[in-house]
Amino acid sequence: MTAIYASLLGVSVGFSLTLIKDWLSGITKKRKYLNCIKWEVNYLKEVAEESFKCAHDMLNSMYHSENFAIALTSRYSSVCFDKYFHEVLLGLNDKQKNHLCRAYATVKEVLEVNEWLTSESKDAKPEMMRLKLELLLKRSGRLIACIDVFLGNEDSID
């Protein structure tokens, strides 16, 4: 009878330890995934700041009737977000989820404007160029604001 109890106790302890190990490794993985997303978001913020500055400089040159070259970046990335967002979703509060999703939606919008500026700008009228550059300026600013809210640097986009 003692052997049966010892066997059951051994199986129970082994099963419990395996559950604890799996739980702890899951927490560690989610932390790594979240760190990957945070790294990517910080990278996106730097790229958005570059885009903001480029758009500002191009608009400034345009207003002063100077020649300017389209110098936009397309180094935006969403690899970590696409791969790990579903893994870290439950660990984020509503504010973080909303602003992270808005940030990545804005990345797509910025890339669309960049694509237009690099491909269509040669044949575009100055008014359309100005509108697109202002749009790039606004979207880059919104991307920076969304990222700041997600990271906890700001309370709201306003």
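**Note on a predicted helical model**

1. Both Asp148 and Lys45 are buried. This is a predicted model. Asp148 and Lys45 form a salt bridge, with 2.6 Å between the closest N and O atoms. Asp148 belongs to helix H4 and Lys45 to helix H1, so the pair ties together parts that are 103 residues apart in sequence.

2. Lys45 is part of helix H1. Its relative accessible area is 18%. The cut-off for buried is under 20%, so Lys45 counts as buried. Which residues does Lys45 contact, once neighbours within four places in sequence are left aside? They are Ile144, Ile147, Asp148 and Asn153.

3. Two packed helices are described by the angle between their axes and the distance between the axes. Helix H1 covers residues 2–63, and helix H4 covers residues 126–151. They pack at an angle of about 150°, and their axes are 8 Å apart. That makes H1 roughly antiparallel to H4. Their crossing is left-handed. By class, the residues of this contact are 20 nonpolar, five polar and six charged.

4. Ala55 gives another view of H1. Ala55 sits in helix H1. Is Ala55 buried or exposed? Ala55 is buried, because its relative accessible area is 0%. Apart from residues up to four places away in sequence, Ala55 touches Leu133, Leu136 and Leu137. Take Leu136 as one of these. Ala55 and Leu136 are 81 residues apart along the chain, yet their C-alpha atoms are separated by 6.5 Å.

5. Compare that with Ser51. Ser51 is also placed in helix H1. Ser51 has a relative accessible area of 1%, so this residue is buried. How far apart in space are Ser51 and Leu100, C-alpha to C-alpha? The distance is 19 Å, and the two are 49 residues apart in sequence.

6. Helix H3 also packs against H4. H3 spans residues 94–119. The angle between H3 and H4 is about 155°, and the axes are 8 Å apart. H3 and H4 are therefore roughly antiparallel to each other. H3 passes H4 in a left-handed crossing. Their contact has 17 nonpolar, five polar and six charged residues.

7. What of H1 and H3? These helices pack at an angle of about 45°, with axes 12 Å apart. H1 and H3 are therefore oblique to each other. H1 passes H3 in a left-handed crossing. Which residues meet here? From H1 come Ile37, Glu40, Val41 and Leu44, and from H3 come Leu100, Tyr104 and Val107. This contact divides into six nonpolar residues, no polar and one charged.

8. Back to charge. Side chains of opposite charge can pair when their charged atoms come close. How many salt bridges does a search of the whole structure find? The search finds seven.

9. Some salt bridges lie within one helix. Asp57 and Lys53 meet through their side chains, at 2.9 Å from N to O. Both are in helix H1, four residues apart, so about one helical turn separates them. Asp57 is partly exposed, with a relative accessible area of 34%. Lys53 reaches 52% and therefore counts as exposed. The Asp148 and Lys45 pair, by contrast, is buried at both ends.

10. The side chains of Arg130 and Glu134 form a salt bridge at 3.1 Å, N to O. Arg130 and Glu134 are both in H4, four residues apart, about one turn of the helix. Arg130 has a relative accessible area of 28% and is partly exposed. Glu134, at 22%, counts as partly exposed. Elsewhere, salt bridges that share partners join Glu109, Arg139 and Arg142 into one network.

Notes. Residues numbered from 1 in each chain as written. Predicted model: local features only at pLDDT ≥ 70, side-chain atom pairs only at ≥ 80, totals over all residues. Heavy atoms only, no water. Axes fitted to C-alpha atoms, helices over the stretch in contact; angles between N-to-C directions. Helix = DSSP H or I, 4+ residues; strand = E, 2+ residues; numbered from the N terminus. Parallel < 35°, antiparallel > 145°, perpendicular 65-115°, else oblique. Left-handed = near helix turned anticlockwise from the far one by under 90°. Nonpolar A, V, L, I, M, F, W, Y, C, P; charged D, E, K, R; others polar. Buried < 20%, exposed > 50% of the residue type's maximum accessible area, 1.4 Å probe, protein only. Contact = heavy atoms within 4.5 Å. Salt bridge = Lys/Arg side-chain N within 4 Å of Asp/Glu carboxyl O.
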